[in-house]
Amino acid sequence: MMNFLFMDQYFILLVVPTMILSMIAQIMVKSTFSKYSKVGSSKNITGREAAMMILKTNSINDVAVESVRGSLSDHYDPGSKKLRLSEPVYAKASIAALGVAAHEAGHAIQHAKGYGPLVLRSTLVPVANIGSRFGPIMAVMGLFLSMPPLLNIGILLFTAAVLFYLVTLPVEFNASSRALALLESGDMLTREELNGAKKVLNAAAMTYVASALTAIMSLLRLILLSRGRR
């Protein structure tokens, strides 16, 4: 909301293009997921079964797999050790379902093995939440009120949020890489089906890339505005 109240050339040149990219990425992931949700796997393995098999193969016995409402709402909760799969994934035996389920199982494996970027991301969550919510507002208020300390604090807080977005990239890419390798080694998908699962995961990865770019450009905008006022 604050961005649109304070429209400037940097917002138009830096932030708007990445926002458009984010919208395109969201459309692509929904379209790709929808396409491969209609293509059944030859082994007739459901998303839940795939996740359970992957967890068992990796000797992870303390993670529960459960269904959650919605579409593309799949996630792994490290706090409760629950792998939550959306309705189109949990009980479906589609290529998209297996790709997404394996990806989330990949996060569970990362957690079990203490994967560095995941540990760092979890550490950043509290400050990133504060930074993404209040950082830009404090920075813009600092600009309007000519209060450099408030401006600097806002930029510093938002920098933590940007760092969170950047750390998220290797976490997501690694989970997808693990997913494809596990689906192949577990003989859950054929080579052709794996290509479909890869397209689903690549489309999902683009949403994280677009979000990171938007955050980076938003931070750059605040820094450029702060320099212009000094």
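Among contacts (heavy atoms within 4.5 Å) in the protein chain between residues at least 6 apart in sequence, 72% join residues at least 24 apart. Keep that in mind as you show the whole chain. This is a predicted model, in which local features need pLDDT of at least 70, side-chain atom pairs count only at pLDDT 80 or more, and totals for chains, interfaces and linings use all residues. Residues are numbered from 1 along each chain as its sequence is written, and side-chain values use heavy atoms, with hydrogens and water left out.

**Stop 1: the whole chain**

Switch to a cartoon view. Walking from the N terminus, the order is α-α-α-β-β-β-α-α-α-α-α. The C-alpha trace spans about 65 × 35 × 25 Å along its principal axes.

Of the 230 residues, 45% count as buried. Here buried means under 20% relative accessible area, exposed means over 50%, and partly exposed is in between (1.4 Å probe, protein chains only).

**Stop 2**

Select Arg 84, in strand E3 (residues 82-86). With a relative accessible area of 17%, Arg 84 is buried. Show side chains around it and look for two polar contacts (pairs of N or O atoms within 3.5 Å; within protein, one must be able to donate a hydrogen and the other to accept it, and residues adjacent in sequence count only if both atoms are side-chain atoms). One joins the side chains of Arg 84 and Glu 66 at 2.8 Å, and another joins those of Arg 84 and Asp 77 at 3.3 Å.

Glu 66, Asp 77, Lys 82 and Arg 84 are linked in a network of salt bridges, a salt bridge being a side-chain nitrogen of Lys or Arg within 4 Å of a carboxyl oxygen of Asp or Glu. Side chains of opposite charge can pair when their charged atoms come close. In the bridge between Glu 66 and Lys 82, the closest N and O atoms are 3.9 Å apart. Glu 66 lies in strand E1 and Lys 82 in strand E3, so this pair ties together parts that are 16 residues apart in sequence. Both ends are partly exposed: Glu 66 has a relative accessible area of 25%, and Lys 82 has 29%.

**Stop 2: Asp 74**

Next, select Asp 74, in the loop between strand E1 (64-68) and strand E2 (75-77). Leaving aside neighbours within four places in sequence, the residues in contact with Asp 74 include Leu 85, Val 89 and Val 100.

**Stop 4**

Select Arg 121 and Glu 172. Their salt bridge has its closest N and O atoms 3.4 Å apart. Arg 121 lies in helix H6 and Glu 172 in helix H7, so the pair ties together parts that are 51 residues apart in sequence. Arg 121 is buried at 17% relative accessible area, and Glu 172 is buried at 6%. A search of the whole structure finds eight salt bridges.

**Stop 5**

Color Ile 137, Met 141, Phe 144, Leu 145 and Met 147: they make a nonpolar surface patch of about 460 Å². Patches are made of residues with over 30% relative accessible area and no salt bridge; like charges are joined within 9 Å, and nonpolar side chains (Val, Leu, Ile, Met, Phe, Trp, Tyr) within 5 Å. Phe 144 is found in helix H6 (residues 116-144).

Now click Ser 146, in the loop between H6 and helix H7 (148-185). Most residues other than glycine have a negative phi. Ser 146, however, has a positive phi of about 55 degrees. Finish at Ser 59, in the loop between helix H3 (47-57) and E1, where phi is positive and near 60 degrees.

Technical notes. Helix = DSSP H or I, 4+ residues; strand = E, 2+ residues; numbered from the N terminus. Areas by Shrake-Rupley, 256 points an atom, 1.4 Å probe, with all protein chains shown as cover.
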